[in-house]
Structures are given as structure tokens and as C-alpha cells.
Amino acid sequence: MLKFISGRLLQAIPVLFIVITATFFLIHSAPGGPFSADRAVPAQVIKALNARYHLDQPVWQQYLTYLGDLAQGDFGPSFKFPGRSVNEMIFGSLGTTAELGLYAMLVAVIIGVLAGVVAALKPNTAQDYVPMSVAMVGICMPSFLLGPLLVLVFGIYLEWLPISGWGDIPGDKILPAITLGASYAAYIARLSRGGMLEVMTQDYIRTARAKGLPEHIVIIKHALRGGLMPVIAFLGPAFAGLLAGSFVVETIFQIPGLGRFYVQAAFNRDYTMIMGTTIFFSVTIILFNLLSDILATWINPKLRHQSGGAES
Amino acid sequence: MSEAIAVYKQAEQGSSLWQDAWHRLQKNKLALCGLMVLILEIILALLTPWLAPYGYEQQDLALGAAPPSMEHWLGTDTLGRDMLTRIMYGGRVSLMVGFIATAVALLIGVVYGAVAGYMGGKVDALMMRLVDILYALPFMIFIILLMVIFGQNILLLFLAIGAVEWLTMARIVRGQVLSLRQQEYIEAAISIGLGPWTIIRRHIIPNTLGPVIVYTTLTIPSVMLLEAFLSFLGLGIQPPQSSWGLLISYGVETMEEYPWLLIYPGLKLSITLFALNFLGDGLRDALDPRASKD
């Protein structure tokens, strides 16, 4: 197990290196510097700014400096918000996004697994078709459409829930969490239905029933463990999707999180901020993929004996 | 896509596998509905310049945003432009992005996967290693980065999306090819002196078509979703061009006063994604009855 984890961590290093290098050179190949697009600024001010941010040095030297700073965990200063560092801005908004992501994940897993298991218990009946049709709607309804529609119905017409903000008014976290989690709930419902259907035909389930175990024990103790394997494998990629989804959801609901910051930085061409968040997102995505793999091997010992676990 | 259908139709006459698949697909009402909706949409998109009731840029500022009526079936936007017309033109762009970016992914993925699977050994290991590494990259973020740095260029959008989506295709094809390689008719082809490229083109690629078609139909909706997502954020298609994602993003801004500006383009996008997903699921069941439905 330890070997597996350290192997995967070692594998993550070249990936991260590629991310950092590619992002750096992409940004530095962009036409115009970060200060040239603005209003007319005196030439010497630009020069001073360039000197301050080392933009007057050759690119490779800037690259080495950046790598050096990065090794010490320093993402550098923000170009658009003078006096604030990228670190400050990332960690200031990280909590909000993490909370949103956590709630969305809870919505997705609880609703998804419940719906999937319920559907798999009586395949090809109404109990199967209804949740699965709803799941299909969830998959075909992108978050940037679902969010506004929920706001329109529950926020504006019914006036049950607040339509924006985060933690200001009670209940304002409900709609964003549902919006972000809905399509993952739908995927998880399909995955857990498929997994459960396959497991329920296995011999050991028949054995468990033959022993006279009550049906709910058979399902909860015996079938779920195998049936949820596809769901666990999906959690890593789902997390990456949640991050991207947070761009939209935080924009719609005006939540001061990392996703909204990233979109704003992209529009402002705040290059250090884009670079910092890109690297930060990459690290978290890689870590969560690793976690999801570890969880999968922990639940299914068969995977431990396969080489390296390159699948996923 | 139309090419894929043509190949599909052609193959259908010769081999019983395709006939079987077609019969199974015909029994799947949802998939057939999806296919029909899709064909209809493609025809509509092709004929839009002749069918659209109004000009694309034709404004009626005096009218402003009006709810659906006899003159404007789906209402008008804040500048008095006919929504039906705008949705039809937006559909052209959305569908085009979906098909072209998928075609890019298809081309790269199939060739890459076929070569890796056929070569095997070290070449395969190296090529798949690269895919593993690329898989781990946060591509959504990279696409946003590309769009920000190089401007919102529609060609770049095709390439960027296509460059992301080919990875899974390459994996599927490689797996398929690995098992095909063991077959005796490939050995026969080698023994009569055919070169590897000819074998890949004549024998390997046609035999991987099934899973490739299925995955293609499932890639198109995810590509369209990606385009809509980027356009919604303001990073994809730029005005005066239009796409469903862009129309939705305008609709969101004014949804309190003029909800139809959000609902109709949203409905159109959802119906299209529905149709593609049902068709993809149906094709998967039809072409590989053993494949589990996830």
C-alpha cells in the first residue's frame, strides 16, 4: 500500500512540472504584458513596474525565479491588486469553495447512491424508470441552466430561498449546493445502479440470502461494498468537475470563492493570479485522484495486486 | 457524424453484426427518437438561412423584449430581435462546434490508439504513459487559459476542445486493437506481406468502429456542453456570433423580467443533449449487448 502511494506521488511530480512549465510559458507568450493593456500609463511607470515584477529579465530567468519562489510556497504578488499576494487571495477564498464543494459532494453522493440503489432493487419497473429518467434530466441540464432556473422558481416566484450570497442569510447555501451537486448526483445514480445490478447477480449474494439474512443486511453489508466501486472510482474525476463547476455556480450566486476569483482573474488578465490558481487547482485535482485511487484499493483488495494501478 | 452514419449504413448491408445492431436499435424507442430529433436539428441548422423567419441582425427597438406571439413564436430579446431566429442561428454554431471538435478528437484518438495498440511493447507503454500524464492535467483550466491568452477564436476553441477529448478515445481504441491483434486474420495479413500501416487502415480501424461510434455520440454532447459552459462564462463564442450557451448567458441576465429569453435556448440545448445521450446509450446497447449500462 505504501509503495503504491509513494509510486503515485512520484508519478505526480512530472505532471506538476509540466503544468507549471506549460502555464508559465503560455502566459509569457501572450501578446502584451500585464501593464500594457491598461490606460495610458507613463513609460517610466511601466518600466518601474516591470522592474519590480522582474518582467525586464529574460524569460528563462523569470522562470527560474518563479520556480524558486514556488518551491518556498510563494505564488508571487497579484498584478491587478497591488499590495496583495496571490497566496493571500487563494487562501482567503479557499474556505468558501471547499465548503460549497463539500455540500455539493454530499448532495451528489447521498441522493445519487439512494436513487441508484432504489432503482437497482427493482430493475425495469417504475421504481427504476422514474429515478433514472430524473437522472437523465440532471445529466442533460448544465449547471449554468439549472442554477438560474432554480433561482427563478424558488427564489423569485416562490420566494422560498435567497438567490445569492454565501452565509449572509440562512438558507442561501441550499441552492448553490444543489446546483453544483445535481449533475454529479445524476451520474452517481447511474453508476451505482449499474454497479448494484452487476453485484446482485453474484454468487455471494445468493449465498448471503441462502443463509437467511434479511434483505436489508444483504444489501447494506454485502452488495453495497461491491456495487459502489464504480462510484468511488468516479469521485476523483468528479472532484475536478466540481472545481470547474464552481466557476459557474459562484458566478451565478455571487459567492466570493476561488472559482469566481479565477474567472475574474481570467477576465482581468491577472497573470500571476491565473498562474497561481492553475497550479493550486492542479495540485488539488492530482491529490484527489490519488485519494480516490487509494480509497478504491482499500475497498477492493483485488486492485492491490494489479500493477501500479495505471487504470482510471 | 453524417460520415459515421454513412459508414454505418454501408456496413449494415454486408455484415450481420451491423444488421443485428440496427434491429436492436430499432427496438429502442428512446434512441430512435433521439436519432430523429438529431437529424431534424441537422437539417434545420443546414437550412437556417432560408427557414429563419427574420434576419439574424434584424432589430425592432420599438418592440423591445416581447413575450411569444403570432409574429414572434418564441418572443423577442431586449433589442427586439426574433428569438426563434437567434436560437436557429445559435444552433448552427453549437452543433458545428460539437461535430468539428468531436471530429478532431476522433481523428487524433483513433490514429493514436490504433498505432499504440498495434505497435505494442515499449512504443505502446510510452504512448500510453503520455496519455496517463495528459489525463492528470486539469484541462478545463487549460482551455480557459488558452481562450484568455489567445483571444476568443472559434478555431482555437475547436482545437482546444478536440485536444482534450481525444484521450479517452485513444484508450478505447488501443484496448480494442490489443485484443484484435491476436486474431488469426491479422496474422494472415502479416503473412501475405502487408505493411503495418495498411493493416491498421484496412483491418484494425474498421473493426474498432463499434465502440468508436458509441463513444463519438457520447462525446458530442459533452463537447457541446463544454462550449456552452465557456460561452456562458464569456470565454467561448463571441458576439455578434451566437450559440446556445451565449443565449443562455444573456437570458440569465434578464430572466426576472423576460424569462422566455432563458427558457427557450435552455430548452433547446437540453433537448439536443437528451437526444444525443439517448442515441449514444441506445447505440451502446445495440452494438455491444453485453456492455453494462452504467
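A:Phe25 has 35% relative accessibility, so this residue counts as partly exposed (that label runs from 20% to 50% relative accessible area, with buried under 20% and exposed over 50%, using a 1.4 Å probe and protein chains only). Keep in mind that this is a predicted model, where local features need pLDDT of at least 70, side-chain atom pairs need 80 or more, and totals for chains, interfaces and linings use all residues. Residues count from 1 along each chain as written, chains are lettered from A in the order written, and side-chain values use heavy atoms, leaving out hydrogens and water.

**Aromatic rings**
- B:Tyr112 and B:Trp166 pair edge-to-face, with 4.9 Å between centres and 65 degrees between planes (Phe, Tyr and Trp rings, the six-membered one for Trp, pair with centres within 6.5 Å; planes under 30 degrees apart are stacked, over 60 edge-to-face, the rest tilted).
- That pair links distant parts of the chain, 54 residues apart: B:Tyr112 sits in helix α4 (residues 83-119) of chain B and B:Trp166 in helix α7 (residues 154-180) of chain B (helices are DSSP runs of H or I, at least four residues, numbered from the N terminus).
- Both B:Tyr112 and B:Trp166 are buried.
- Over in chain A, A:Phe24, A:Phe25, A:Tyr63 and A:Tyr66 make up one aromatic cluster.

**Nonpolar cores**
- The largest nonpolar core has 147 residues, and A:Phe144, A:Phe247, B:Ile144 and B:Leu233 touch the most other members (a core joins buried Ala, Val, Leu, Ile, Met, Phe, Trp, Tyr and Cys through side-chain atoms within 4.5 Å).
- Apart from that core lies another, of 14 residues, including B:Ala114 and B:Met169.

Notes: Helices (H or I, at least four residues) and strands (E, at least two) are DSSP runs, numbered from the N terminus.
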